[in-house]
Amino acid sequence: MKFDNHDIDVVWLDLDDTVIDFLTNSRRALERLWHEEPLLTRLFPSPEEWTEVYERHNHALWDAYSRGKVTREKLRMERFRLPLAEGGASDEEASEAAVRYDTYYLDLLAEERELIPGSLELLQFLRSSGVKIGCLSNGFKDVQFRKIRNCGLEPWFDIVVLSDDIGFTKPDVRLFEYAMRKSGYPSPSAHLMIGDNASTDIAGAISAGWEAIQFLRSPDSPRASACRWQFNSMSAIAELLGCRR
């Protein structure tokens, strides 16, 4: 595939909110959790209020995780413990519930199957172009593979690289270098990253010398200033890559 005067051999896609509609799937899982857990209905008047508080803490923790400020384990526990504590749970109650909610939420999340509109068609177009298709994600191994399988995406990915594989997260260039070695294409110019996150997907890819296309998940999505290619639909990305005539 020719793209911006480069011969692209591997196209990498972020998973959550690029291929899988993580936002929708997560909110469905959080609403199910609220309905099934008496503690949550006691602390939060509605599933919407519970979701807002959870997402605020979760976003901050993921940002810290991507910068190496918190561990994987701390992220998984604190994203539940902190909102429960904010809602009025005791320290003991919040800590005990966080352990249970972590496992159950991930199970519920893996069952949800909503995809970003046009993402499956983009994968089909990429397959027809003859490039290798990779998934490059910061998500946890124990849930990402279940999501890929449950969403029917296994046939489309030739390579899956997760931050759990080596203990470094996007935007750390070492994860991108590992992905290049695993793909068998050592030249950065052979790689293209498609992702929604300006500070992890796009910044990391550009630092590694890759080409990058940012998918704008919403009109309010932070834009990567160093990225020339930014689109709010998968069909526009397909057209740019010449997969659609």
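To begin with, which word describes Tyr54 and Phe80, buried or exposed?

Modeller: Both Tyr54 and Phe80 are buried, where buried means under 20% relative accessible area, exposed over 50% and partly exposed in between, for a 1.4 Å probe and protein chains only. The model is predicted, and local features need pLDDT of at least 70, side-chain atom pairs count only at pLDDT 80 or more, and totals for chains, interfaces and linings use all residues. Residues are numbered from 1 along each chain as its sequence is written, and side-chain values use heavy atoms, with hydrogens and water left out.

Rings of Phe, Tyr and Trp (its six-membered ring) are paired if their centres lie within 6.5 Å; planes under 30 degrees apart are called stacked, over 60 edge-to-face and the rest tilted. On this rule there are 13 aromatic pairs. One of them joins Phe44 and Trp50: the ring centres are 5.4 Å apart with the planes at 50°, so this pair is classed as tilted. Phe44 has a relative accessible area of 2% and is therefore buried; Trp50, at 0% relative accessibility, is likewise counted as buried.

Tyr54 and Phe80 also make a tilted pair, with 5.1 Å from centre to centre and 40° between the planes. This pair connects distant parts of the chain, since Tyr54 belongs to helix α3 and Phe80 to helix α4 (residues 72-87), 26 residues apart. Helices (H or I, at least four residues) and strands (E, at least two) are DSSP runs, numbered from the N terminus. Through ring pairs, Phe44, Trp50, Tyr54, Phe80, Tyr101 and Tyr105 are linked into a cluster.

Arg76 is placed over the face of Phe140, 5.1 Å from the ring centre; a charge sits over a ring if NZ of Lys or CZ of Arg is within 6 Å of the ring centre and within 35 degrees of the ring normal.

Asp14 lies in the loop between β3 (10-13) and α1. With 7% relative accessibility, Asp14 counts as buried. Its side chain is joined to that of Lys170 by a polar contact of 2.9 Å, a term for N or O atoms within 3.5 Å of which, within protein, one must be able to donate a hydrogen and the other to accept it, residues adjacent in sequence counting only if both atoms are side-chain atoms.
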